Each structure stands twice: as structure tokens, then as C-alpha cells.
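Here is a short report on one protein model. Look it over first, then read on for its contacts, helix packing, sheet and core.

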Amino acid sequence: MARKENKLLRATRAYIERGIAVTPASPMVPDPAGTSWRTTWMCSCGDRYCATPGAHPLATEPLTHVTQASTLYDVPTPPNLLIASGPEVAIWRVPLAPGSYAMRRLEQQRLTIWPPVMRLPDHGWIFCTAPTKQRVGLADVELVSDDAPVLAPPSRGPNGRRLRWLWSPRFPAVPLPEAEQVLAALAIGSMDELRVAGAADEHPDVASGPTEPARTRR
Ligand SMILES: [Zn+2]
């Protein structure tokens, strides 16, 4: 029988080969108390009230060598994976509304290189760009750092579904856009949000929130 593809092993190797360190995290596992017709998922720590399901770091140091990844991930239940900004990538965490408006703006710009974008289980967004030395003065936009790395595809989120990159789904095997271009769109996205929120206060029936941006790019 063909062995099921180990997506997490393949992705972990690809991130590390791209120079992006990976912190292994607690996997989501089928809940033994679940029903036979529908799998429910729980954090492998065994706590049904776990505060960060599928996202506890399992190591203090991120993995930077492919051989380490092979040892840890070539198992029947491989760990989830966490990534953070580093020398090869800047990872930005953005709340739902400004992120959605920024995606609209980026769609209008006919980009040649799309930023990998992912919806977080808590409904925020993750945008990836090339690293930058620019200081970011946007209240809503946070650079994901080593001390709080973020769950990345193809990890299983708290509901058991695999996370995926909505734009640039082949990341990390794709080039990254300049940070300045994406940050500019995020700045405009934050203003769009304020403008729409203001309009909604004055004319509750005309203003509408952001619609879901287009599904997949590249
Ligand atoms: Zn847990």
C-alpha cells in the first residue's frame, strides 16, 4: 500500500531549505471521544481546554537543518510547524478588516509577485514579504518574531483542518514581494477601514464591510 504523503515533513524541509527556521509544535490529533461518523480534533497535549491547540512549541530552538527535520517529522503523527520572521522572510500579522482591505488594494495593483497570505484560525491575516529594515508605524501591523512564532501551512489548526496559503500557495518555493509595497497597501487598508467605519456611523445602511478577497493567486 502506498504510504500517505507526509505533507508536514515535505513543507518543513522546504521552509528550512529556503532559510526559514521551523519550530515544531504539538500536532492536532483525532479525539478518542469523538464520534465514528465525524472526526473531532484535540491538541496532542491531551487538554480539551488547551489555550493554544496545535501550537505549543515542542523545542526551545527552531530547526535550521534539514536532517533535524527528517528525524522529527518522519513519523506517523508529525508535529505542526511554527515560523517567524528571519533573515529570509518578514511575516506580518494583521487584523481581519485592515488585512482584507489591503488585499483588495493589492488585487488592483496587478502585482507580478504576490505575497503569501494566510487566514489565521483567530480570523486575522498573515502576510509574508522579503525582509525590510523599514520601521513600521502601523498600529495594526505586527512583525511576527521568534518569541511568538505563528502556525504555518500545512499544519492542522484547532478545528483539525490544514492551514493553507490563500495567495502564493506554493510558498516557500516562490519569490517574495518587497515589504514596502505590501506595507503601503496595509497602511491604505487601515485608512479604508477607518473611512468605512466612519461612514457606517453616519449612514448605517450604505457602508458595508470588506468582502472576501479572491481565493488563490499564482
Ligand atoms: Zn495543547
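## Contacts and overall make-up

Take the contacts between residues at least 6 apart in sequence: 79% of them join residues at least 24 apart. The model behind this value is predicted. Of the 218 residues in the protein, 36% are buried.

The protein has four helices and nine strands. Read from the N terminus, the elements run α-β-β-β-α-β-β-α-β-β-β-β-α.

## Helix H1

Helix H1 spans residues 7–17, and its buried residues are Leu-8, Ala-11, Thr-12, Tyr-15 and Ile-16. Why do they fall on the same side of H1? They cover an arc of only 130° around the axis, which puts them there. An α-helix has 3.6 residues a turn, so residues three or four places apart point the same way.

The cover over these buried residues of H1 includes helix H2 (66–73) and strand S4 (80–83). Just after H1 comes Gly-19, with a positive phi of about 90°.

Strands of a sheet pair through backbone hydrogen bonds, either parallel or antiparallel.

Start from strand S5 (residues 90–94). Four of its five residues are buried, so the strand is mostly covered. Five bridges link S5 to strand S7 (residues 125–129) in the antiparallel sense. Here Trp-92 stands opposite Phe-127 of S7. S5 also pairs with strand S8 (residues 142–143), again antiparallel, over two bridges. In that pairing, Arg-93 has Glu-142 of S8 as its bridge partner.

S6 and S7 run antiparallel too, joined by three bridges. The bridge partner of Val-117 is Phe-127 in S7.

## The nonpolar core

In soluble globular proteins, nonpolar side chains tend to be buried together. In this model, the largest nonpolar core has 48 residues. Which residues have the most contacts inside it? They are Ile-83, Ile-91, Val-117, Ile-126 and Val-150.

Neighbours within four places in sequence aside, Val-117 is in contact with Met-103, Trp-125, Ile-126, Phe-127, Trp-165, Leu-166 and Trp-167. Among these, Phe-127 is also the bridge partner of Val-117, and Ile-126 is also listed among the core residues with the most contacts.

Key. Residues numbered from 1 in each chain as written. Predicted model: local features only at pLDDT ≥ 70, side-chain atom pairs only at ≥ 80, totals over all residues. Buried ≥ 20, exposed ≤ 12 C-beta atoms within 10 Å, placed from the backbone. Arc of directions from axis to C-beta. Contact = placed C-beta atoms within 7 Å. Core = buried A, V, L, I, M, F, W, Y, C linked by C-beta atoms within 7 Å. Pairing = 2+ DSSP bridges.
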